[in-house]
Structures are given as structure tokens and as C-alpha cells.
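Take a look at the model below.

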Amino acid sequence: ILADIRIDRVKLGKVIKTAEGYLKGDAIVTRTGVFKYQNLDGTARYELRHPDDILINDSLNTLKSLPITNEHPTSLVTAENADNLAVGMTGETIKVEDGYVGISLNITHKDAIAAVNRGKQELSAGYRVDLIPEVGEYNGERYTHRQTNVNYNHIALVDMGRAGRVARLN
């Protein structure tokens with residue numbers, strides 16, 4: 001499986017440093033599959049991000065021109081707080097391959113670039129979603145809920161993302 005992931009990462013592009021010092025390129029930002037989330041009471045729920053819900057144009061198009069943040073903010077990014085939260089932006093080019101979703105991006109803030117240079121390179125999507133209780137199994141993994149109507153709000157630069165090490169700056 002790791003060999004397949006490495007191939008996907010190469011196909012979905014790399015990030016380079018520009019003459020201005022920005023980080024620019026393509027990166028995987030999310031994937032399909034089952035993701036683990038923690039409930040407020042400490043128990044876990046497992047949410048299915050099925051290709052039929054994740055890899056559709058209505059959802060994918062919301063990834064375009066989104067703020068990139070350094071960590072997930074405590075609330076959604078809006079015009080009211082973007083100037084304090086955004087460290088870059090996603091672009092308009094989306095690539096999908098084998099359940100992985102990549103997008104062009106540009107990180108422009110010096111503190112975020114410094115964090116990347118220190119090793120903070122994983123990415124995590126922030127979004128609004130309709131969460132439906134549903135129990136089942138997908139690709140050998142059990143799930144308790146299904147995400148539908150995914151509307152992306154931001155992409156966060158994080159130490160460890162829920163989508164795994166494949167969703168990262170390459």
C-alpha cells in the first residue's frame with residue numbers, strides 16, 4: 001500500500017520555494033475512507049468519507065480559493081477573521097486519483113513557512129458536513145457515521161492530520 005501512496009503523491013505534484021520565498025505547488029489535502037473522530041464524552045466515532053460523497057463536483061469545487069491556516073482555528077474561517085488566520089490560499093486546480101484529492105496551493109506567511117521548514121508538513125481539511133448515523137464496513141474498516149454534503153472551509157497546516165501522512169506538503 002505504501003508504494004501506491006508514494007506513486008499517488010508524485011503524480012499529484014510537489015511544493016517548491018519561489019523566488020519570493022513562498023511555498024507553491026500541489027499537495028494532497030484529503031482522501032476517501034474511514035476517519036476516526038473523538039466525541040465530547042471521550043468515545044470514538046468512525047466517519048465514512050465515501051467517494052460518492054467526497055469525489056463529486058459540488059464538494060470538490062468548494063476546495064478552490066480557500067484560506068490555508070496554521071493549525072485548525074476554533075471557528076470557521078470567514079471574511080471577518082481571515083486576515084488573522086490565513087497563511088496562504090488554495091488555487092483552482094484540483095486533481096483526484098485513487099481516492100486522494102490534491103489541489104494547487106500557495107503558502108505566503110513567514111511563520112507558516114518557518115513551521116514547514118521545521119517539519120510541520122501535514123494537511124487537514126476543515127469543513128461543514130451533514131453527518132448521518134450509519135453503521136457499516138468500507139474497505140475492511142467499520143464505520144458508525146457517513147459524511148455527506150461536504151463543504152470545505154479551509155486547509156490547515158498541522159503536525160498530524162486525520163487523513164494520514166499522505167496528505168502533506170511533498
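By class, which residues make up the lining of the second largest pocket? The lining has nine nonpolar, six polar and four charged residues. Here Ala, Val, Leu, Ile, Met, Phe, Trp, Tyr, Cys and Pro count as nonpolar, Asp, Glu, Lys and Arg as charged, and the others, Gly among them, as polar.

This is a predicted model, in which local features need pLDDT of at least 70, side-chain atom pairs count only at pLDDT 80 or more, and totals for chains, interfaces and linings use all residues. Residues are numbered from 1 along each chain as its sequence is written, and side-chain values use heavy atoms, with hydrogens and water left out.

The second largest pocket has a volume of about 270 Å³. Of its 19 lining residues, Tyr37, Ala125, Gly126, Tyr127 and Arg162 are the closest to the centre. Five elements are named as giving two or more residues to the lining: β2 (23-31), β3 (33-38), β4 (44-49), β8 (122-138) and β9 (141-158). The largest share, eight residues, comes from β8. A pocket is an open set of points on a 1 Å grid over the protein atoms alone, where a 1.4 Å probe fits, with protein on both sides within 12 Å along at least five of seven lines; lining residues have an atom within 4 Å of a point. Points are joined across faces, edges and corners, and the volume is the space filled by probe spheres set on them. Helices (H or I, at least four residues) and strands (E, at least two) are DSSP runs, numbered from the N terminus.

The largest nonpolar core has 32 residues. Such a core is a set of buried Ala, Val, Leu, Ile, Met, Phe, Trp, Tyr and Cys residues joined through side-chain atoms within 4.5 Å. Buried means under 20% relative accessible area, exposed over 50%, and partly exposed in between (1.4 Å probe, protein chains only). Leu63, Leu105, Ile107, Leu123, Tyr152, Ile155 and Leu169 touch the most other members. Elements giving two or more residues to this core are β2, β3, β7 (100-107), α5 (110-117), β8 and β9. β7 gives the most, with five residues.

Look at Ile107. Leaving aside neighbours within four places in sequence, Ile107 is in contact (heavy atoms within 4.5 Å) with Tyr22, Leu23, Ile68, Val87, Gly88, Ala112, Ile113 and Leu169.

The structure holds one aromatic pair. The rings of Tyr127 and Tyr152 have their centres 5.6 Å apart and their planes at 75°, so the pair is edge-to-face. Rings of Phe, Tyr and Trp (its six-membered ring) pair if their centres lie within 6.5 Å; planes under 30 degrees apart count as stacked, over 60 as edge-to-face and the rest as tilted. Tyr127 lies in strand β8 and Tyr152 in strand β9, so the pair ties together parts 25 residues apart in sequence. Both residues are buried.

Two backbone angles deserve a check. Most residues other than glycine have a negative phi. Phi of Glu71 is positive, near 80°. Glu71 sits in the loop between β5 (67-70) and α4 (82-85) and is partly exposed, at 34% relative accessible area. Not counting residues up to four places away in sequence, Glu71 touches Lys120, Ala156, Leu157, Val158 and Asp159. Phi of Asp98 is also positive, near 50°. Asp98 is in the loop between β6 (86-97) and β7, and is exposed, at 62%.
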